[in-house]
Number of protein chains: 2
Amino acid sequence: MCAVSTELPQGPIDSTSALARHLGLSRWTISRVLNGHPEVKPATKRRVCEAMERLGFVPSPVGRALRGGRTGMVGVCFQALGSPIVARRLAVLQRVLRAAGLRALFELTDGDPAIELEVVRHFVAMRLDGLVLVGGATAQNEEAIASMLASHRTPAVLVDPVREYTLPSVGVDRGAGMRLALEHLLGLGHERFALLGIDEGTAYGGARWRGLRELAGVRRLSVKRQFVTLAEVEPGGLDFAYGRRLADRFLGLERRPTAIVALNDQVAVGAMTRLQQAGLDVPTEVSVVGFDNLDVGAHVNPRLTTVDQRVEELMQGVVARLMGGVSGGVSILEPRLVKGESSGPVGGG
Amino acid sequence: MCAVSTELPQGPIDSTSALARHLGLSRWTISRVLNGHPEVKPATKRRVCEAMERLGFVPSPVGRALRGGRTGMVGVCFQALGSPIVARRLAVLQRVLRAAGLRALFELTDGDPAIELEVVRHFVAMRLDGLVLVGGATAQNEEAIASMLASHRTPAVLVDPVREYTLPSVGVDRGAGMRLALEHLLGLGHERFALLGIDEGTAYGGARWRGLRELAGVRRLSVKRQFVTLAEVEPGGLDFAYGRRLADRFLGLERRPTAIVALNDQVAVGAMTRLQQAGLDVPTEVSVVGFDNLDVGAHVNPRLTTVDQRVEELMQGVVARLMGGVSGGVSILEPRLVKGESSGPVGGG
DNA sequence: CTGAAAGCGCTTACAG
DNA sequence: CTGAAAGCGCTTACAG
């Protein structure tokens, strides 16, 4: 009368105990199989795995979490969904995590440090296997977050933080991206540039400006005479509308530069459409370069020249660091230029 | 020597027991305060709340979940992040949930029914307070999902499902949206229409077509002579590129319609830019109407006429149903027309 | 109004 | 190689 695994279960199989009863084993054996303990007879192991598969049994993540085992879950904290580059990063991150057998739990912070702190508190309380913090709002919370993570022994990775942290981080070399864009435009003969939304005083703007100043040193450019920054202190959103407003200011400049480098593709597209509306031709009268390589840039007229962030590689790096348990340090990706038709020879060539 | 709440704690306060010890109470009292039991002395209750606030103590959601209490978490399952309308829906849903004191856990399915099933299984195993399924991939899984939800007594709401389900759902009246768009164009004198990506055979296309046929009956339109559908069987993505491809087919039509109604704003914008590239003027030579009222539509030339989905109200409805514990039925929102400059009098008026 | 018991589903020691 | 114990942090009965 021994229970064989091909028999139908009497009740619902919704716990290791139920599964153990059904297979005529003890729940300790089931647990050992689940946790990859070596001391299980291969035949027993196979029998358990096969039964779990067949019955669609998944061990309760809640039980595991409480007892201190792996939950197979990674918490992902980010500021907002509105921006398409964030959406892409998250979609890719989720895919990479799934491929590594992990589950992603997303939480939004709306850029509010208090919410961010609360989200991290909740994540560690849930005993997740790791945390990913996307975007750079952690400045004010760093110490509190670092101590929470340490006391719970939860590994974490920051994605593209605004500045260097003690926590492990993965980012894009915005300075290099800036140099790529400028080298491209210099090669087309441009000598005077408007920077839309790239404010040296802001976090990401600062990184871009470091690249600019570096290049200026090498190429003997005059930062003062060849560059003009158009930016608002409180732009609201770094979106199409912002680009349009900055384009209006560009149109009002006395000696208009021949090339525009924008903070991102949305600002670039917003600016470009506004300039076209005002009767300017792109690229013969003004060249425009964006940043991010969003879908939208490929579907405007003319197609946008932009800088690609290599999101796929970025997220592979995040998961590798999370899994590897790296405890600090930064890895930086080199972006690459994507040529469109929104940039051309100065004066229309 | 009674412990007063202004004393500093000896160790970390990371459990109800620790908090109880610190306050000189038993952990049962703490638990009762947490769960809003009436039988607690108001003064004690205040003392506990104040201490939790001060010490930043949050009861472990894992412990609560295991014992069967409210977890304060809602699982949100959706197909993909790529589409901006989805991103907006999620952002709004998250905000509304937070306002209701709930936490959202997001999971992507990539439109794969197997992944969807697994995600729902995981959500119910985590003892979440509720589930929200956004988008319509549940067709093949409905019974399995419904039985899982029922056996765990987890309330769920479908957002904008492709067809009617036994599960409670909240959606947008796509037929009404179609009628709004067509009424608008008819009012401008248009008589012949191209439908871009609106395939009667597909789920959402079918709903739009029902609205079309209804209006055709009332307004005595000839569906056969006045409407032409341009769509691909496997479009890949319902994005800008799809709009461009469909615009190419539009350009090849013998007797071109004077107005275009597109599946969504991305298809509309993709098509519009392609038509402009080909030398057509919008709206004097062809009017274009989108669907969704995305940000991008307001920042192309000319500004896109579109139909707004009322995402905010939609998500308010979702959370109300989740909280109210409604067990079935459908509520449908009426969309509204947003006039831009991409639609105008036939022949340029 | 508050204290002591049982148990949610699991894992990690410890025995056999 | 497998079984029985303790316990993770909490809540919901039941006593006092």
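In this predicted model, A:Thr16, A:Ser17, A:Leu19 and A:Ala20 of helix 1 of chain A meet A:Arg27, A:Thr29, A:Ile30 and A:Ser31 of helix 2 of chain A. Sorted by class, the residues of this contact are 3 nonpolar, 4 polar and 1 charged.

**Geometry of the helix pair**

- Helix 1 of chain A spans residues 16-23, and helix 2 of chain A spans residues 27-34.
- The axes of these two helices come within 8 Å and cross at roughly 110°.
- An angle of 65 to 115 degrees counts as roughly perpendicular, and helix 1 of chain A and helix 2 of chain A are therefore roughly perpendicular to each other.
- The crossing of helix 1 of chain A past helix 2 of chain A is right-handed.

**Contact between the chains**

- Chain A contributes 37 residues to the contact, and chain B contributes 37 residues.
- On the side of chain A that touches chain B, the elements giving two or more residues are helix 4 (61-67), helix 5 (84-99), strand 2 (103-108), helix 6 (113-125), helix 11 (240-251) and helix 12 (265-277) of chain A.
- That side of chain A comprises 20 nonpolar, 11 polar and 6 charged residues.

Definitions and conventions
Residues numbered from 1 in each chain as written. Chains lettered and ligands numbered in written order. Predicted model: local features only at pLDDT ≥ 70, side-chain atom pairs only at ≥ 80, totals over all residues. Contact = placed C-beta atoms within 7 Å. Helix = DSSP H or I, 4+ residues; strand = E, 2+ residues; numbered from the N terminus. Nonpolar A, V, L, I, M, F, W, Y, C, P; charged D, E, K, R; others polar. Axes fitted to C-alpha atoms, helices over the stretch in contact; angles between N-to-C directions. Parallel < 35°, antiparallel > 145°, perpendicular 65-115°, else oblique. Left-handed = near helix turned anticlockwise from the far one by under 90°.
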